[in-house]
Amino acid sequence: MEKIDSESTKVTDKSSDNVNCRCKLESDKTDKISEALSIAQGEFIDVTKSQKSYVGNYASYGDIVKSVRPALTKNKLSVTQQVKYIDGIMLFSTKLRHASGQWVESQIPILQKFIPQNDKNAPIQRFGAVLAYLERYSFRILLNIACDKD
């Protein structure tokens, strides 16, 4: 689990949906990662929507990764995702890393209300479904990937 300096982190109000998290979300310098991401974004290919649901087609996490991985790798960028706790708050973290050591991160609190309570699946399956959505959407948001009507 990643330790975050208490001077750069403040999480409050664990009992409600009003989570205030002021975490350090980027490295001290971001010039190299910003340039590399800008170039990579120009090289991203359109995302193929291979999955079907009752509301239409959508892009799976694999579809999205496949459309951007070559451009990220070429520009010395990688993405890591993890669940971590800061002051008792569970967060889903997506971090864009550059070979220079620079990084940018997004964090989404995993609130209890996100996890469906009234279905027949085991709790770990419900949690896995929440993580699957967070994995896909946080990746898209961090890299600014458009998937129409997804």
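**Note on helix packing, aromatic pairs and loop residues**

1. Y61 is partly exposed, since its relative accessible area is 23%, a value that falls between the limits of 20% for buried and 50% for exposed residues. The model in which this value was computed is a predicted one, and the points below should be read with that in mind.

2. As to the overall architecture, the protein contains three helices and seven strands, and these follow one another along the sequence in the pattern β-β-α-β-β-α-β-β-β-α. The protein has 150 residues, of which 35% count as buried.

3. The packing of two of the helices can be described in some detail. Two packed helices are described by the angle between their axes and the distance between the axes. Helix α2, which covers residues 61-74, and helix α3, which covers residues 123-143, have axes that come within 10 Å of each other and cross at roughly 35°; the crossing in which α2 passes α3 is left-handed. On the side of α2 the contact is formed by Y61, I64, V65, V68 and L72, and on the side of α3 by E135, R136, F139, R140 and L143. Sorted by class, this contact comprises seven nonpolar and three charged residues, with no polar ones.

4. Two aromatic pairs are present in the structure. In one of them, the ring centres of Y61 and F139 are 5.4 Å apart and the ring planes stand at 80°, so the pair is classed as edge-to-face, the angle being over the 60 degrees required for that class. F139 is buried, with a relative accessible area of 3%, whereas Y61, as stated at the outset, is partly exposed.

5. The other aromatic pair is formed by Y133 and Y137, whose ring centres are 6.1 Å apart and whose planes are at 0°, so that the pair counts as stacked. Both residues are in helix α3, and because they are four residues apart there, about one helical turn separates them. Y137 is partly exposed, its relative accessible area being 27%. A ring of another kind of arrangement is that of W103, over whose face K95 lies at 4.1 Å from the ring centre.

6. L143, a residue of helix α3, deserves a separate look. With a relative accessibility of 0%, L143 counts as buried. When residues up to four places away in sequence are set aside, L143 touches L37, Q41, F44, V68, L72, V79 and L96. For L143 and L72, which are 71 residues apart along the chain, the C-alpha atoms are separated by 9.9 Å.

7. F44 is located in the loop between α1 (31-43) and β3 (51-53), and although it is a loop residue, its relative accessibility of 17% means that F44 counts as buried, the cut-off being 20%. Apart from residues up to four places away in sequence, F44 touches S67, V68, A71, L72, L143 and I145. Between F44 and I64, which lie 20 residues apart in sequence, the C-alpha to C-alpha distance is 9.8 Å.

8. S60 is another loop residue, placed between β4 (56-58) and α2, and at 16% relative accessibility it counts as buried. Its contacts, leaving aside neighbours within four places in sequence, are with S50, Q51 and R136; R136 is also one of the residues through which α3 makes its contact with α2.

9. Most residues other than glycine have a negative phi. K76, which is not a glycine, has a positive phi of about 60°; this residue is in the loop between α2 and β5 (77-86) and is exposed, with a relative accessible area of 55%. D87, likewise a residue other than glycine, has a positive phi near 50°. The loop that holds D87 runs between β5 and β6 (89-98), and D87 is partly exposed at a relative accessible area of 48%.

Methods. Residues are numbered from 1 along each chain as its sequence is written. This is a predicted model: local features need pLDDT of at least 70, side-chain atom pairs count only at pLDDT 80 or more; totals for chains, interfaces and linings use all residues. Side-chain values use heavy atoms; hydrogens and water are left out. Axes are lines fitted to C-alpha atoms, for helices over the stretch in contact, and angles run from 0 to 180 degrees between N-to-C directions. Helices (H or I, at least four residues) and strands (E, at least two) are DSSP runs, numbered from the N terminus. A crossing is left-handed if the near helix is turned anticlockwise from the far one by less than a right angle, and right-handed if clockwise. Contact means heavy atoms within 4.5 Å. Ala, Val, Leu, Ile, Met, Phe, Trp, Tyr, Cys and Pro count as nonpolar, Asp, Glu, Lys and Arg as charged, and the others, Gly among them, as polar. Rings of Phe, Tyr and Trp (its six-membered ring) pair if their centres lie within 6.5 Å; planes under 30 degrees apart count as stacked, over 60 as edge-to-face and the rest as tilted. Buried means under 20% relative accessible area, exposed over 50%, partly exposed in between (1.4 Å probe, protein chains only). A charge sits over a ring if NZ of Lys or CZ of Arg is within 6 Å of the ring centre and within 35 degrees of the ring normal.
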